[in-house]
Amino acid sequence: MTTTNVSTTAAFGVDDLSVRIGSAQILNGVTWSVERGETLGIVGESGSGKSMTVLSATGLVPRPPAVVTGRALLGQPDGSQSDLLTMTAAQLRAVRGRRLGYVFQDPSTSLNPLLTVERQLTEGLEYHLKMRPAEASKRAVELLEMVGIPDPARRVKNYPHELSGGMRQRVMIAIALSCDPEVLIADEPTTALDVTIQAQIVDIVRSLQQRLGTAVIWISHDLGVVGGLADRIVVLYGGQVVEQADVETLFEQRSHPYTQGLFAARPTLGRTGNELVTISGSPPDPRELPPGCVFYDRCELRLDDRCRTERPPLVELGPEHWVRSFCATPERQEATA
Amino acid sequence: MSEELLRVEGLQVRFPVRNANASVRDLIQRKGPALTQWVHAVEDVTFTVGRGETLGLVGESGSGKSTVGNAIMRLVPASAGSVILDGENLLDAKGEQLRKLRRRVAMVFQDPLASLDPRRPIDESIADPLQIHGLHKGRRSQRVAELLTMVGLPKRFMGRYPHELSGGQRQRVCIARALACEPDLIILDEATASLDVSVQAQVMNLLKRLQRELGLSFIFIAHDLAVVEYMSDRVMVLYLGRAMEVAGRSELYAHPAHPYTRALMSAIPAEDPIAERTRRRIVLTGDVPSPLNPPSGCVFRTRCPDAIDACAEAIPPMEVLGEDHTAACIRVHDLAATPPR
Amino acid sequence: MSAAQVTADTAAVTGSAPLWRRSLKALLASPVVWFCLVVLGTVLLCAVFGEQIAPQSANETDVSRAFTPPGPDAWMGTDDLGRDVFSRVVLSAAPTLQVSVTSVGIALVVGVTLGLLAGYYRGWVDVVVMRVVDVMFAFPVMLLAIAIVAVLGAGLTTAIIAIGVVYTPIFARVTRASVLSVREEPFIKAAKSLGARDSRIIFTHVLPNVSAPIIVQTSLSFAFAILSEAALSFLGLGVQPPDPSWGRMLFDAKSFLNQGWWLSVFPGAAIFITVLAFNLIGDALRDVLDPKTMTKERA
């Protein structure tokens with residue numbers, strides 16, 4: 001087998017998703033899926049395409065100029081799966097907010113500064129669930145309570161600038177979950193927040209997921225945050241999946257040279273004195289991707305001609321452990337594990 | 001500790017802001033809230049930095065860590081206190097004396113793209129401090145080339161514009177600019193925070209190498225405890241403008257004494273995801289209080305899991321816990337009995 | 001690496017040319033810009049070599065040829081005194097350009113200086129400058145110009161001063177608005193941290209970074225200045241008879257609209273095309289100089 005597939009029970013998944021904007025190949029044949037109640041972590045540096053993978057899959061990237069190919073499958077209540085990329089704009093609107101909830105990085109710009117928290121919470125309830133205003137207002141207070149905002153009946157009348165960053169991000173989560181979506185897409189939701197607040201947000205999402213059974217896609221540049229939260233992790237680099245595994249396997253048998261470098265380069269508590277291992281150079285320009293392995297320029301394990309000229313396929317190293325590299329043979333992996 | 005280079009004593013920074021709830025009429029009638037309120041950005045912060053040493057300043061947003069750096073550079077005015085560099089008070093210096101002192105302290109900021117003039121090629125930006133201080137006249141381009149080599153950039157980058165470089169390369173340019181006048185001290189204000197993990201490691205290694213080779217002192221300001229641990233010799237933890245705990249690096253990370261330091265360390269995800277899921281964490285409730293109106297007594301007491309009534313009464317003094325380890329907490333000796341985490 | 005190699009390497013890197021050269025290249029890629037340059041080049045030629053181009057002098061009257069329609073003898077016909085309209089249109093280019101360039105020059109220097117000081121220092125400087133600007137904005141442009149001419153007396157120099165004064169507030173405001181955003185940029189803070197003096201920060205960091213909107217405003221102001229000069233002359237307050245200017249010619253033609261359409265159409269067309277060229281070039285500059293298109297290249 002040379003490729004992964006979206007399972008038929010998946011709540012959401014992308015299959016062979018590629019995105020090209022002008023001369024830039026932003027994504028190249030990306031496949032991943034998330035089951036109900038599962039958390040998928042998508043990890044990558046800036047320019048890896050980690051945000052693009054969900055934005056393009058849910059129709060939030062304007063086409064044209066973007067050219068999106070592949071499939072983005074959303075599980076339907078009847079067990080079938082429908083492709084978001086073939087939906088009309090009206091069909092997509094009915095899905096976004098209702099069946100897919102979003103939380104973005106910066107809570108201060110994702111909320112409308114001129115509307116109260118209540119208005120922003122009730123919008124989706126009234127539009128998607130056809131609730132009456134009084135009913136929606138009551139639900140808004142319940143939602144704020146659910147995300148742990150103290151004194152929700154008062155807070156619901158506040159404007160975004162009257163709330164702290166952590167509170168705003170809770171409001172964003174409440175909005176995202178307001179219509180009880182099957183899938184929650186969290187794009188770097190804690191990056192703009194302080195560590196103590198980040199810990200609160202992670203706890204809230206984790207406990208809500210256990211209660212509601214939502215599938216969560218958590219996009220982050222920080223392996224540490226994702227490791228504590230995700231069941232499975234997809235590592236993106238240069239618009240491709242370079243490694244994919246369940247979280248224990250990935251942490252114990254990291255196999256792609258890039259994943260290994262990412263771990264080694266990350267300062268963690270208790271690691272001092274020695275120089276950090278670095279990955280030399282910087283991520284590739286999506287307009288000038290190398291013809292072979294996308295990590296070739298920065299790889300220390302590279303084999304000469306094959307890595308430079310031939311693009312490695314995604315290979316299953318172990319059960320549900322996929323790696324895209326000629327250098328990540330099981331022997332090598334044991335040597336580094 | 002090595003020979004002392006910088007001593008900051010009792011530093012206080014307060015900004016006036018217009019009180020949105022006060023009206024001019026109230027003011028005339030001498031009732032209601034005052035027209036201006038004061039943001040207590042930094043209160044009574046004292047520390048020293050030795051030659052060749054790195055002091056880490058760590059804290060969350062609103063802790064005043066960046067304001068300390070800005071006040072040392074006189075980018076914001078200090079309300080009280082002194083900043084003594086080799087016997088001379090930076091806060092009193094004027095005119096030529098100030099310009100001379102400024103040459104000895106440089107700063108690197110968080111966002112390298114924004115801190116370089118977008119309309120000037122990077123070699124001009126690096127030569128900027130040389131021009132300002134009239135140094136290396138006649139051989140400035142050689143000096144710029146030297147500096148580029150020092151920070152690991154090829155000389156052919158001369159003439160390029162900031163937007164043509166990657167994030168890590170831009171930060172190297174900013175470091176080269178900071179090095180241009182051969183300073184004794186560089187203030188690094190979240191200098192690695194906006195970089196990708198793989199690039200961040202390159203820049204941190206570069207900084208350590210430069211420190212070794214040039215005998216530089218650093219004040220390393222960051223919110224990331226792991227990054228601070230990697231970079232620093234001594235660490236000061238700030239919360240709401242006040243110092244909570246100061247200690248040598250290994251002492252602080254092995255025996256965090258202040259409840260805030262403990263909570264901060266506990267909030268960092270563990271290396272191992274399986275351990276991460278099962279470990280007990282101190283999750284702080286609530287948010288950082290407003291610096292307009294900081295809590296009485298200990299500023300951390302409103303979020304502290306170990307707070308008692310006495311905490312509200314007086315600002316806790318720095319309790320000495322060992323050689324070069326102090327913490328501002330009245331319960332620190334009781335709490336030492338309970339294990340951290 | 002030898003010096004020669006370094007230069008070769010730098011040259012090989014695409015897009016390492018100075019920014020202004022790149023902007024110019026982008027500007028010249030547009031056919032609209034070429035049209036504008038041809039129009040403005042022609043106007044400039046007329047202004048400089050008017051005497052040589054014009055078949056007759058501006059005030060050569062021949063009443064026997066009065067109201068000759070456009071034809072082989074007179075391309076644009078003749079006026080009520082038999083003066084050649086084509087010659088007068090050509091010879092009008094010089095005073096028109098003189099008025100617009102000088103007045104915009106005054107407005108540019110004074111306005112940008114005030115805007116830089118107000119925006120950079122804020123405080124009382126800002127309050128004073130901006131209140132004066134607000135007051136000047138409250139007057140209708142022509143009314144203000146007429147008032148100035150009324151005080152100083154009609155004539156070319158007065159027209160220049162009046163138009164310059166009228167357009168100064170626009171430059172002050174455009175400059176100040178840009179300075180306000182640029183002064184908060186971290187690179188200004190970085191320059192301060194290096195010990196740079198205010199004058200250095202203003203001239204090497206602030207001014208180049210606010211130049212784009214100022215350049216655009218300059219080109220648009222040329223258009224407005226030409227219109228203002230025409231309007232003042234039309235009201236009899238600018239160029240004085242018998243000297244020609246496009247506005248003055250329109251003023252003279254208004255009595256003869258029934259006798260000769262060409263008297264008003266040709267100077268009107270000259271104003272129209274010149275103003276259009278300045279406006280189009282202003283828009284093109286705005287697109288080319290937009291810093292967003294510059295920094296987006298490798299985001």
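This is a predicted model: local features need pLDDT of at least 70, side-chain atom pairs count only at pLDDT 80 or more; totals for chains, interfaces and linings use all residues.
Two residues are taken to be in contact if their C-beta atoms, placed from the backbone, lie within 7 Å.

**Arrangement of the chains**

**Chain A as a whole**

- The secondary structure of chain A comprises 13 helices and twelve strands.
- The C-alpha trace of chain A spans about 65 × 50 × 35 Å along its principal axes.
- Chain A has a radius of gyration of 21 Å, which agrees with the value near 20 Å that a compact globule of 337 residues would have.
- Of the 337 residues in chain A, 48% are buried.
- Among the contacts in chain A with a separation of 6 or more, 63% are between residues 24 or more positions apart.

**The side of chain A that touches chain B**

- On this interface, 34 residues of chain A are in contact with 35 residues of chain B.
- Five helices of chain A, namely α7 (165–177), α8 (195–212), α9 (223–227), α10 (247–252) and α11 (257–265), are the elements that give two or more residues to this side.
- The element that gives the most is α8(A), with six residues.
- By class, the side of chain A that touches chain B consists of 15 polar, twelve nonpolar and seven charged residues.

**A helix pair in chain C**

- Helix α6 (residues 141–152) of chain C and helix α7 (residues 156–182) of chain C have axes that come within 9 Å and cross at roughly 140°.
- Angles over 145 degrees would count as roughly antiparallel, and α6(C) and α7(C) are therefore oblique to each other.
- The crossing of α6(C) and α7(C) is right-handed.
- On the α6(C) side, the residues that meet α7(C) are Val141(C), Leu144(C), Ala145(C), Ile148(C), Val149(C) and Leu152(C).
- Their counterparts in α7(C) are Thr158(C), Ala159(C), Ile161(C), Ala162(C), Ile163(C), Val165(C) and Val166(C).
- The residues of this contact between α6(C) and α7(C) divide into twelve nonpolar and one polar, with no charged residue.

Key
Residues are numbered from 1 along each chain as its sequence is written. Chains are lettered from A and ligands numbered from 1 in the order in which they are written. Helices (H or I, at least four residues) and strands (E, at least two) are DSSP runs, numbered from the N terminus. The radius of gyration is taken over C-alpha atoms; the globule rule is 2.2 Å times the number of residues to the power 0.38. A residue is buried if 20 or more other C-beta atoms lie within 10 Å of its own, exposed if 12 or fewer, and partly exposed in between; C-beta atoms are placed from the backbone. Ala, Val, Leu, Ile, Met, Phe, Trp, Tyr, Cys and Pro count as nonpolar, Asp, Glu, Lys and Arg as charged, and the others, Gly among them, as polar. Axes are lines fitted to C-alpha atoms, for helices over the stretch in contact, and angles run from 0 to 180 degrees between N-to-C directions. Angles under 35 degrees count as roughly parallel, over 145 as roughly antiparallel, 65 to 115 as roughly perpendicular and the rest as oblique. A crossing is left-handed if the near helix is turned anticlockwise from the far one by less than a right angle, and right-handed if clockwise.
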